[in-house]
Amino acid sequence: QAGIEYYDKLRDKIRFREQYMIRFAFELMSKRRMTDGIEILKLNARAFPESVNGQFSLAEAYTFINNMETAKTHYHKTAKMDRTQAPFHQYLKLAILMKDKATYQHLINDLKKNNVSKYKLRENVLNFLGYQMLQRNLVSEAILLFKTNTELFPASFNVFDSLGEGYMRAGKKALAIQNYKKSLKLNPNNKNAVKMLGDLKQGTN
């Protein structure tokens with residue numbers, strides 16, 4: 001309670017915003033201070049009880065410590081909130097982490113129909129999310145994002161390059177080769193695709 005009161009004073013004095021606390025919490029977690037980061041996110045959620053971002057952040061934080069039950073509890077709390085208050089990429093990320101296939105597909109369908117007019121999402125956003133998944137060894141989730149990116153940006157050599165990497169990490173060499181070749185076709189100067197194709201073909205000999 002004392003923490004919330006202090007938080008309220010800060011907000012009144014310097015227009016303290018919740019994103020500062022969320023950012024600080026994840027900085028702590030990146031330094032392996034998981035408990036401290038989660039405690040700050042819990043404080044933030046109590047101070048901003050109507051915030052979708054607060055609940056989404058807590059849900060994501062608990063996935064870092066493999067507490068999926070608690071993560072899903074916070075994710076499901078947002079069902080009665082306006083989830084569109086959260087940045088689209090965060091909503092998309094949580095749908096994947098929570099294995100909420102129906103919501104993910106709904107978001108992707110809406111994105112395909114309205115990206116230019118509504119979201120203005122660039123290919124690097126989904127690519128970044130995909131590599132975040134790879135860093136956490138969530139390979140199937142990364143492939144899903146990379147594959148979606150190829151559907152949204154079929155003229156981009158980079159998205160096929162990333163999908164190739166995802167399949168390579170999954171041990172699916174034939175699909176990796178297929179996508180690296182597609183990337184190279186779109187951009188013959190893609191040196192990474194040339195290198196990876198060489199490595200993959202050597203591995204199949």
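**Pockets and charged contacts in a predicted model**

Biologist: Which helix gives the most to the lining of the second largest pocket?
Modeller: Helix 9 does, with four residues. Helices are DSSP runs (H or I, at least four residues), numbered from the N terminus. A pocket is an open set of points on a 1 Å grid where a 1.4 Å probe fits, with protein on both sides within 12 Å along at least five of seven lines; lining residues have an atom within 4 Å of a point.

Biologist: Which residues line the second largest pocket?
Modeller: Ala95, Ile96, Lys99, Asp100, Lys101, Tyr104, Ser140, Glu141, Ile143 and Leu144 line that pocket. Two or more of its lining residues come from each of helix 6, helix 7 (101-119) and helix 9 (139-152).

Biologist: Changing topic, what sits over the ring of Tyr75?
Modeller: The charged end of Arg83, 4.6 Å from the ring centre. The criterion is NZ of Lys or CZ of Arg within 6 Å of the centre and within 35 degrees of the ring normal.

Biologist: And what lies over the face of Phe160?
Modeller: Lys182, at 5.6 Å from the ring centre.

Biologist: What are the ground rules?
Modeller: The model is predicted, with pLDDT of at least 70 needed for local features and 80 or more for side-chain atom pairs, while totals for chains, interfaces and linings use all residues. Residues are numbered from 1 along each chain as its sequence is written, and side-chain values use heavy atoms, leaving out hydrogens and water.
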